[in-house]
Amino acid sequence: GVVKNNLEAEKWLLKAASQDYVISQTVLGLLYIEEKEYQMAFFWLKKAADKNDDIAQYELGKMYLKGNGVEIAYDKTEEWFKRASEGEKAPLLNFMARDLCEEGIKLDLAKKFVEKALYIQPNNGDYVNTLGWILFKQNEYNQALEQLLKASSLNPDSPEIKDHLGDAYLALGERGKAKEAWQKALDLATDNDSKSKIQEKLDKL
């Protein structure tokens with residue numbers, strides 16, 4: 001089973017990590033996060049992060065963001081996220097931007113990260129969506145709508161983008177367009193949690 005496989009993986013990873021293989025240290029840290037053994041996760045991720053592994057740096061920043069095994073410390077999140085951003089990996093930049101946006105903190109930094117990601121991959125609908133959602137959180141509704149419409153044309157089958165579009169339309173007083181966007185989001189959504197959240201918005205219109 002999974003537990004047995006994880007134990008087997010852990011044994012080999014520990015051996016490699018103890019010999020200072022950075023990738024093994026990061027993967028071991030991720031395995032411990034999955035098992036919610038945060039102290040061990042922190043120990044190995046810190047080792048890899050100090051050797052400039054950007055994934056480990058990102059995961060450490062996220063631990064401080066969520067308070068997993070450490071006290072929430074947004075300054076530490078910023079410090080590790082900034083170090084991780086130096087690797088200029090577009091998906092990682094987008095993850096960091098999304099994480100900050102979801103927590104509603106350091107939105108200017110989140111915007112810088114996703115703009116950097118978009119400089120690398122300008123037509124990535126997920127990244128454009130992140131930028132649009134950050135602008136929405138900054139109450140820049142017209143700019144948000146512009147980016148979310150672009151994201152929607154790039155990723156027409158994304159329920160999340162349609163959901164965000166609905167929020168932007170409603171913030172601008174366009175109730176009819178909000179309803180249309182949310183209805184599309186509802187049709188595209190596959191998980192029940194998303195469906196019920198979207199349905200709730202439609203019921204309140």
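1. A word on terms before the tour: buried means under 20% relative accessible area, exposed over 50%, and partly exposed in between (1.4 Å probe, protein chains only). Helices are DSSP runs (H or I, at least four residues), numbered from the N terminus.

2. Please keep in mind that this is a predicted model, where local features need pLDDT of at least 70 and side-chain atom pairs count only at pLDDT 80 or more, while totals for chains, interfaces and linings use all residues. Residues are numbered from 1 along each chain as its sequence is written, and side-chain values use heavy atoms, with hydrogens and water left out.

3. Let's start with helix α7, residues 107–120. Its buried residues are Leu107, Leu109, Ala110, Phe113, Val114, Ala117 and Leu118. These buried residues pack against α5 (74–85), α6 (90–103) and α8 (125–137); contact here means heavy atoms within 4.5 Å.

4. Next comes α8, where 11 of the 13 residues are buried, so this helix is largely enclosed by the rest of the structure. Among the buried ones are Tyr127, Trp133 and Phe136. The partners of the buried α8 residues are α6, α7, α9 (141–154) and α10 (159–171).

5. Asn124 caps the N-terminal end, with a side-chain oxygen 2.9 Å from the backbone nitrogen of Asp126. After the helix comes Asn139, whose phi is positive, near 65°.

6. Finally, visit Met63 in helix α4 (residues 54–66). Met63 is buried, with a relative accessible area of 2%. Beyond its neighbours within four places in sequence, Met63 touches residues including Ile33, Tyr38 and Phe42. Phe42 is 21 residues away along the chain, and the two C-alpha atoms are separated by 8.2 Å.

Technical notes
Helix = DSSP H or I, 4+ residues; strand = E, 2+ residues; numbered from the N terminus. Expected span 1.5 Å × (residues − 1). Polar contact = N/O pair within 3.5 Å; in protein donor to acceptor, adjacent residues only side chain to side chain.
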